[in-house]
Amino acid sequence: MASTPTSGKAKLETVKSPSNIASPEQMLEYFKDMLLIRRFEEKAGQLYGMGLIGGFCHLYIGQEAVVVGMQSALQPQDTVITAYRDHGHMLACGMSANGVMAELAGRKGGYSRGKGGSMHMFSREKGFYGGHGIVGATGPLGAGLAFAHKYKGDNGVCTAYYGDGAANQGQIYEAYNMASLWKLPVIFVIENNKYGMGTSQTRHAAGVLYKRGEGYDIPGEKVDGMDVLTVRAAALKAVEYVRSGNGPYILEFDTYRYRGHSMSDPGKYRSKEEVEMMKENHDPIEQIRKAILATGKFAEDDFKKIEKDVKAVVNESAEFAQQSPEPDPSELWTDILVEG
Amino acid sequence: MSIQILMPALSPTMTEGKLAKWVKKEGDKIKAGDVIAEIETDKATMEVEAVDEGVIGKILVAEGTDGVAVNTPIAVLLEDGESAVDISTAASAAPAPKAAHEDAPFVNPSCLPTQTPAQPAAAAPAAEKEWTGPTVSVTVREALRDAMAEEMRRDGEVFVMGEEVAEYQGAYKVTQGLLQEFGDKRVIDTPITEYGFAGIAVGAAFAGLKPVTEFMTWNFAMQAIDHIINSAGKTLYMAGGQLGCPIVFRGPNGAASRVGAQHSQCFASWYAHCPGLKVIAPWSSADAKGLLKAAIRDPNPVVFLENEIMYGQSFDVPADPDFILPIGKAKIERAGTDVTITAFSRMVGVALQAAEKLAAQGISAEVINLRTLRPLDTATIVESVKKTNRLISVEEGWPYAGMGSEMAALMMEQCFDYLDAPVVRVHGADVPMPYAANLEKLALPQEEHIIDAAKKVTYAA
């Protein structure tokens with residue numbers, strides 16, 4: 001086993017100089033990718049309010065740096081799987097905003113032709129394997145995708161996301177055990193947004209999440225998940241470790257969701273001051289904006305243009321979702337089994 | 001153009017709410033994410049955040065107003081450069097979008113044919129080829145092993161995973177020799193963690209591999225039933241057909257012998273209940289081999305229910321290397337004219353013995369080996385009952401919501417006018433399986449039960 005940075009002391013050390021981590025052009029890309037997620041989610045919240053999106057809708061606002069930073073370290077053959085706070089992951093994987101928004105609205109033009117909804121979307125083409133509604137399922141499913149990478153010898157890595165709440169599920173540890181035994185190329189990505197629905201981490205999780213792989217010989221690291229460059233630095237290191245055949249790796253990202261667990265969350269379990277403090281001091285988009293300005297390579301006008309482009313993409317997706325017809329009633333009976 | 005701020009739906013069930021408080025007032029500049037108002041829903045008081053940037057031009061619904069319907073305009077937002085004068089030109093005629101939150105009541109398609117599209121008729125199973133060549137006598141255990149080995153030779157993406165399948169050579173010796181032929185890349189011992197390895201196998205199947213996942217017994221698969229149903233069975237549908245799950249879950253099901261309640265249970269009706277799965281329960285060696293090969297080639301998740309007591313029994317199997325059986329096709333094991341007996345797995349043998357004794361008493365029983373429980377070969381059953389006018393369903397499992405209940409429903413729906421007697425269910429006793437030898441025997445269906453049932457429905461008793 002290679003050196004295992006399980007002490008957590010390595011935090012941030014790898015990104016003392018962000019210029020080594022990403023060029024100003026790359027940073028601008030991350031800004032754009034995060035802004036797209038932010039604006040998309042705001043629009044989804046609006047459409048939910050209008051009754052165009054039903055059921056559960058879990059927004060990713062505040063957590064954008066995690067998936068954008070992780071994706072920046074991946075290669076085309078790699079795979080991604082996550083739970084139900086998943087719209088950001090889809091966009092970061094390159095899935096079209098139109099297809100995702102139409103699926104949220106339960107329309108024919110959605111990725112699952114309206115049959116999956118917010119929590120259940122997939123794109124094999126983009127390496128995105130869902131979109132799963134069962135808390136903790138992505139641990140073993142992600143290890144299974146990694147098993148396939150190893151079996152096929154395609155040099156791929158799977159990033160399996162789950163939250164701090166899911167980190168308590170037993171199946172996560174069954175997956176740790178087998179992933180480590182079989183040296184599966186999987187990164188377990190814990191998006192620790194501090195609350196499992198409305199129960200704070202201090203009330204739901206004993207000990208430290210990233211250290212929970214220690215007994216399985218899986219190195220783990222706690223990382224600032226609000227800074228996309230820090231995320232990227234940690235991701236590059238973990239991906240290198242995993243792709244080299246060393247087995248799984250755990251990345252626990254400290255992050256924060258600004259909105260409720262789902263749309264009907266009254267937010268009584270945390271203070272407004274706490275939410276405001278995170279927005280004011282740790283916003284991932286503001287942080288990268290400042291970092292980009294500091295390079296001197298881009299200016300406000302560049303952001304303005306991106307903001308305009310992103311708004312257009314998001315507005316078009318909302319328009320597309322509303323124009324797309326509901327699935328044909330005959331769709332009720334399709335895709336239950338592969339025929340033939 | 002100015003933007004109307006609408007009364008938002010803040011829960012899946014909200015249709016109206018109270019505008020409790022305006023946090024912002026007319027003339028206030030707001031940006032996306034700012035809290036502008038508080039609303040009391042049917043569940044809680046919630047904050048409403050602005051989505052767009054601008055200045056609040058006019059408040060249309062005063063705070064304290066009760067019963068404000070979702071999508072009612074509550075304020076007008078002015079964008080850069082607009083003044084309150086522009087409010088009158090705000091698009092107010094936009095039709096209120098249809099709320100997605102009004103849950104349609106569940107409808108049984110067979111009850112409401114005018115509103116719900118009818119379920120398309122299931123494709124007829126592939127015709128069963130006549131295998132007339134030479135046969136060899138093999139045990140069910142060997143037949144299962146041969147099926148896996150042949151499919152592994154044929155397709156490099158097939159692999160076997162489970163507890164004790166490799167070095168131990170199979171807890172029941174079903175995977176004997178596979179490790180030696182295919183190596184540890186394709187024959188994989190797992191820890192005793194059914195939930196985890198079932199999930200890993202499903203993930204591998206998402207990526208296009210074809211796992212054969214052995215459960216030491218189906219009792220232990222209870223730990224994995226979430227992945228079998230939620231992950232394997234539902235993903236194709238949830239993905240709009242994009243992502244399937246070509247996987248076989250197999251292992252012994254039902255009562256073994258003297259192992260008590262937690263190791264003796266039939267899960268046939270549990271899995272047969274679920275759309276998105278195929279469910280197979282072989283009886284003979286030919287069933288075992290032909291259907292396991294078909295299951296491995298099938299692009300869908302297949303639940304394959306074997307029986308420990310059958311593993312050591314020998315039957316003739318076609319020697320043809322291409323031998324395979326179609327999924328979804330029952331087999332008439334014994335033709336008869338007076339009563340139809342359906343059975344699956346070990347109970348087929350019990351039913352055949354009963355039929356033999358019934359023949360001596362002048363009752364001609366037709367025994368149907370169901371072989372596939374989902375999709376069920378209803379045509380073969382219905383055709384038989386149209387001839388015999390009587391049905392006895394035999395299963396080892398519990399009666400309540402069991403396979404026999406499904407047979408009774410099938411008879412009501414498709415054979416009502418053909419029945420000369422009520423359907424009789426022969427089944428396991430509705431109790432957890434006892435350990436004591438005498439009690440265990442009392443809990444399981446026996447030949448005499450079937451004979452008694454046949455006499456009853458033919459009014460010979």
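How many bridges join strand β2 (residues 16-22) of chain B to β7(B)? Three bridges do, and the two strands run antiparallel. One of the pairs is E16(B) with A69(B) of β7(B). Strands are DSSP runs of E, at least two residues; helices are runs of H or I, at least four; both are numbered from the N terminus.

This is a predicted model: local features need pLDDT of at least 70, side-chain atom pairs count only at pLDDT 80 or more, and totals for chains, interfaces and linings use all residues. Residues are numbered from 1 along each chain as its sequence is written, and chains are lettered from A and ligands numbered from 1 in the order in which they are written.

**Sheet.** The open sheet of chain B has four strands in the order β5-β4-β2-β7, with antiparallel pairing. Pairing takes at least two DSSP bridges between two strands. β5 (45-49) and β7 (65-69) of chain B are the edge strands, each pairing on one side only.

**Chain contact.** Chain A gives 51 residues and chain B gives 54. Contact means C-beta atoms, placed from the backbone, within 7 Å. On the chain A side, α5(A) gives the most, with nine residues.

**Domains.** Chain B splits into three domains, with bounds from an automatic or database domain assignment.

| Domain of chain B | Residues |
|---|---|
| domain 1 | 3-89 |
| domain 2 | 135-318 |
| domain 3 | 331-457 |

The centres of domain 2 and domain 3 of chain B, over C-alpha atoms, are 26 Å apart. Their contact takes 24 residues from domain 2 and 24 residues from domain 3 of chain B. On the domain 2 side, α6 (268-272), β14 (278-280) and α7 (285-297) of chain B each supply at least two residues.

Definitions and conventions: Contact = placed C-beta atoms within 7 Å.
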